[in-house]
Amino acid sequence: YQGLDSASKVDNYTAAKDHLSDKGKNIARMILQANHNLGSGSNEIRLLDVGGNDGKLTSYVASHIGDYLHVPISPYVLEIETGIAWDHNSKVVSLVQSEMSRPVKTIYYNGSDMASGRVSGQDEGNPLSDGKGFDCAMYQHSLHHFPSPEIQQESLARISELLNDGGVLTITEHDSVLGGHELD
């Protein structure tokens, strides 16, 4: 993506916003097809986007899930503390606002210990270790950024431990050395 000329990138706000909305809707549908009773019986659904950068796509996924289920969504992005923004859309698209979706919160951690997590700009507890778990977690083209297959597998194992019973994990990836055997 970084190597494309600007004419090949999404440079128009409306096109970028529509792209993120459509992508968010498709991810939400995929999550709900995996478990149409997601968060059943709870008063909120917690969504974790691993490597979700600025949270814009996260906000669209949360908004669509909230619209489908009519349950408040608490979306989180999990990032290693680096301060680097990779997403071109972060420059042109705003976070979506939705009646059922709360604002996206970013959890920063040190890259190895989930207990080191902290919510950016807030003094609230660490959502990675508060015992509430998450109803869904997603890797949207982020897994290939992990430096080795072993670290990718370790990340998947740690995130799966954070999922509540019936929780859904989605992985959309274009370049991972992990195959079906490793993912299983």
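Is Asp54 buried, partly exposed or exposed? At 23% relative accessibility, Asp54 counts as partly exposed; buried means under 20% relative accessible area, exposed over 50%, and partly exposed in between (1.4 Å probe, protein chains only).

Before moving on, some ground rules. This is a predicted model, where local features need pLDDT of at least 70 and side-chain atom pairs count only at pLDDT 80 or more, while totals for chains, interfaces and linings use all residues. Residues are numbered from 1 along each chain as its sequence is written, and side-chain values use heavy atoms, with hydrogens and water left out.

Lys56 is buried, with a relative accessible area of 10%.

Next, select helix H2, residues 56-69. Helices (H or I, at least four residues) and strands (E, at least two) are DSSP runs, numbered from the N terminus. H2 is mostly covered, with 11 of its 14 residues buried, among them Lys56, Tyr60 and His64.

Ring centres must lie within 6.5 Å to pair; planes under 30 degrees apart count as stacked, over 60 as edge-to-face and the rest as tilted. Here the centres are 5.8 Å apart and the planes sit at 85°, so the pair is edge-to-face. Tyr76 lies in strand E2 (residues 73-80) and Phe134 in strand E5 (residues 134-140), so the pair ties together parts 58 residues apart in sequence. Tyr76 is buried at 6% relative accessibility, and Phe134 is buried at 0%.

Keep Phe134 on screen and show Arg46: its charged end sits over the Phe134 ring, 4.6 Å from the centre (NZ of Lys or CZ of Arg within 6 Å of the ring centre and within 35 degrees of the ring normal).

From Phe134, step across to Leu163, its bridge partner in E6. E5 and E6 (residues 163-172) run parallel, joined by 6 bridges; strands pair if DSSP finds at least two bridges between them.

Last stop: helix H3, residues 149-162. Glu154, Arg158 and Glu161 form a salt-bridge network there. Arg158 reaches Glu154 at 2.1 Å, N to O, and Glu161 at 2.4 Å. Glu161 is exposed, at 53%.

Conventions
Rings of Phe, Tyr and Trp (its six-membered ring) pair if their centres lie within 6.5 Å; planes under 30 degrees apart count as stacked, over 60 as edge-to-face and the rest as tilted. The expected span of a helix is 1.5 Å times one less than its number of residues. A crossover is right-handed if, with the strands pointing away from the viewer, the path from the first strand over the helix to the second runs clockwise. A salt bridge is a side-chain nitrogen of Lys or Arg within 4 Å of a carboxyl oxygen of Asp or Glu.
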